[in-house]
Amino acid sequence: MQEFLQHTLNGLSVGSIYALLALGYTMVYGILGMINFAHSEIYMMGAFGTFYLSKWFHLGTPSLLNFTIGLLGGMIFAAVIGFLVEKLAYKPLRDSPKMNVLITAIGVSILFQFGGQIIFGADPKSFPTLIEDKNLFSLFDSPIHLTDLLIYFVSFASLGILSFIIFKTQTGRAMRAVSTRPDMTPLMGINNNKIISMTFIIGSALAGIAAVLVSIKYPKIDPMMGVRIGMASFVAAVFGGIGSLHGAVIGGFLLGLGETYLIGYGASTYKDAFSFVILIIVLLYKPTGLFGTTRKEKI
Amino acid sequence: MKKYIIFLVLVAGLGVVLNSFLNSYIQAIFISFIINAIMALSLNFITGLADQFSLGHAGLMALGAYTSAVINKEFLGDQWMFIPVGVLAGACIAGVAGYLVSLPSFRLKGDYLAIVTLGFAEIVRVVILNWSHVGGARGYNGIRKFPDFLLSYGFAVLLLFITFMVMHRLKVSWFGRNLWAINEDDIAAEVMGLEIAKTKRYAFTISSFFAGLGGGFYAHHLGYISPGSFGFIVSVQILIITVLGGLGSLSGSIIAAALLTFLPEALRSVQSGGLDLRMIIYPILLILMMILRPKGLFGRREVYEWLPARLKTKWGIKQ
């Protein structure tokens, strides 16, 4: 029982990270219909943004203030990178076939991975301790760490803010409109390019938050850190039904829990393949994912 | 008949020149050019002709390579004469795997093949990593090679020739027309009575078969394979070759494979330190090409389509 609870708590923290990243994938897919392969690299850049920020401004001492500054820094840095990637690489291809955009996304992803290895160095760097980890209290003999609590708290807060933006504000309404009928929205006075930029900024900011949270828990960062987690989160997005926000969150949590149980009860070497096995099963039996819908095509 | 004799003489001449005047380094690069060309052709068949994005050709290649190596060593007595048998078996296994992969991939419209193949390549890699009988992470050693360069060269050229001819005949056949129809407008193709999912499945199976062929030969060319030789980056390299040559242009793939195999080797001397600048140049090339010339070098057209009409009739090339 105690072991199970421990795995569940770990799974929830992994799952909330997956959920944050899966939202970025699903939002871009919903609005542009493309898989943003560079999203995992935006996540990586978020971690490095905070790393350099804390290095230059000497945020090495653990405190809540430094944590907040680091989190905001990573968020803003990732958002800027996401914005630039969209403007420079994807926007020129707005009207070209989908295949070309996908190939560009792969190119951007590889460029960040290997450019990062040249600029930051390929060896892992140790992330500064922005906040000290300690055992707060025990729940049925399983210790609750401060970092885990922070991960739950920050990710739930971000999810709340996101759903407020999407469902309650004018921008969010415009985003939903663009993802439904991009050809009609300009007639309603919506600037599609601005909304697409906004989507990238929000999605990337979520990736930045996820990056800082993960780096605080596992303080080793390197330019390839986004690859595995990016794939898993993408699978989470497909699992939940790509294009659906609720689906991404629930898919993220289910995948995180499943993966942690798999590692906890043996078979840890197959961890990397687990998410893809799930993916194939989902595509075979429920190709739209849990919450996805297919649109009837009209000519 | 005459043109085939000329072709054979040219190929044999090139082989003799490579064998007697150039060192083994250049010979090895030439063989890897042929492997790259086979892989690019294979990817071109599904990505260029059928407009379905595959990111897992490295996984199919790994399947072909490991099957071929294991069959040759364990069942065929480790003889070089039986290398072609092993390679063929590897190709068949890859083809079967390709068919299985295609089952969940085409149930919905969209880029699901890209995701499923990506996952498939990862699963293959993880399984090989955990399979100690074939060396696991250490790799599989001591695979039988051809004893002589000319044999290796002849077999490589034969494989490339078969791959190119099969794909070319398919491209100009009714099957190629079907693929083209799907590529242009899949709704219209469906309305005309074409079974889209089935056609795509066949196309991906054929593509996988040739990817396995390339992989099988790769194993016997190097004599050593490891899960690291079939990472995601290999799939991307194949993709770059295909895109550079032009999606849908088979001869373009071969030319691009030559360019992207020989040029980096020629530029090896200007590289500084341990930085692999190729992995910076490739993605920049890819992004710039998508923005400036999305068709690649040749688009859908074959190189010989630019020949004068007189030569085309003389050589019996159909318009």
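What percentage of the 319 residues of chain B count as buried? In this predicted model, in which local features need pLDDT of at least 70, side-chain atom pairs count only at pLDDT 80 or more, and totals for chains, interfaces and linings use all residues, the value for chain B is 46%, where a residue is buried if 20 or more other C-beta atoms, placed from the backbone, lie within 10 Å of its own, exposed if 12 or fewer do, and partly exposed in between. Residues are numbered from 1 along each chain as its sequence is written, while chains are lettered from A and ligands numbered from 1 in the order in which they are written.

The secondary structure of chain B consists of 13 helices and zero strands, with helices (H or I, at least four residues) and strands (E, at least two) taken as DSSP runs and numbered from the N terminus. The radius of gyration of chain B, taken over C-alpha atoms, is 20 Å, close to the 20 Å that the globule rule (2.2 Å times the number of residues to the power 0.38) gives for 319 residues, so chain B is as compact as a globular protein of that length. Along the principal axes, the C-alpha atoms of chain B fill a box of roughly 55 × 50 × 45 Å. Of the contacts in chain B with a separation of 6 or more, 81% are accounted for by residues 24 or more positions apart, two residues being in contact if their C-beta atoms, placed from the backbone, lie within 7 Å.

Within chain B, the axes of helix α6 (residues 149–172) and helix α9 (residues 196–222) come within 11 Å and cross at roughly 170°, the axes being lines fitted to C-alpha atoms, for helices over the stretch in contact, and the angles running from 0 to 180 degrees between N-to-C directions. Helices α6(B) and α9(B) are therefore roughly antiparallel to each other, a term for angles over 145 degrees, whereas angles under 35 count as roughly parallel, 65 to 115 as roughly perpendicular and the rest as oblique. On the side of α6(B) the contact is made by B:Ser152, B:Ala156, B:Leu159 and B:Thr163, and on the side of α9(B) by B:Phe210, B:Leu213, B:Phe217 and B:His221. By class, this contact of α6(B) with α9(B) has five nonpolar, three polar and no charged residues, with Ala, Val, Leu, Ile, Met, Phe, Trp, Tyr, Cys and Pro counted as nonpolar, Asp, Glu, Lys and Arg as charged, and the others, Gly among them, as polar.

Two further positions in chain B illustrate its local surroundings. B:Asp51, which lies in the loop between α2 (24–49) and α3 (57–75) of chain B, has a phi near 65°, a positive value in a residue other than glycine, and counts as buried with 20 C-beta neighbours inside 10 Å. B:Leu103, found in helix α4 (residues 83–105) of chain B, is partly exposed, with 15 other C-beta atoms within 10 Å.

Chain A comprises ten helices and four strands, and from the N terminus on its elements run α-α-α-α-β-β-β-α-α-α-β-α-α-α. Its radius of gyration is 19 Å, close to the 19 Å that the globule rule gives for 299 residues, so chain A is as compact as a globular protein of that length. The C-alpha trace of chain A spans about 60 × 45 × 35 Å along its principal axes, and 49% of the 299 residues of chain A count as buried. A:Gly15, in helix α1 (residues 2–32) of chain A, is buried, with 28 other C-beta atoms within 10 Å. Not counting residues up to four places away in sequence, A:Gly15 touches A:Gly252, A:Phe253, A:Leu255, A:Gly256 and A:Leu257.

A:Val235 touches A:Leu255, A:Ser275, A:Phe276, A:Ile278 and A:Leu279, residues up to four places away in sequence not being counted.

Between the chains, 30 residues of chain B are in contact with 34 residues of chain A. The elements that give two or more residues to the side of chain B that touches chain A are α5 (112–129), α10 (232–245) and α12 (278–292) of chain B, and α12(B) gives the most, with nine residues. The residues of this side of chain B divide into 24 nonpolar, two polar and four charged.
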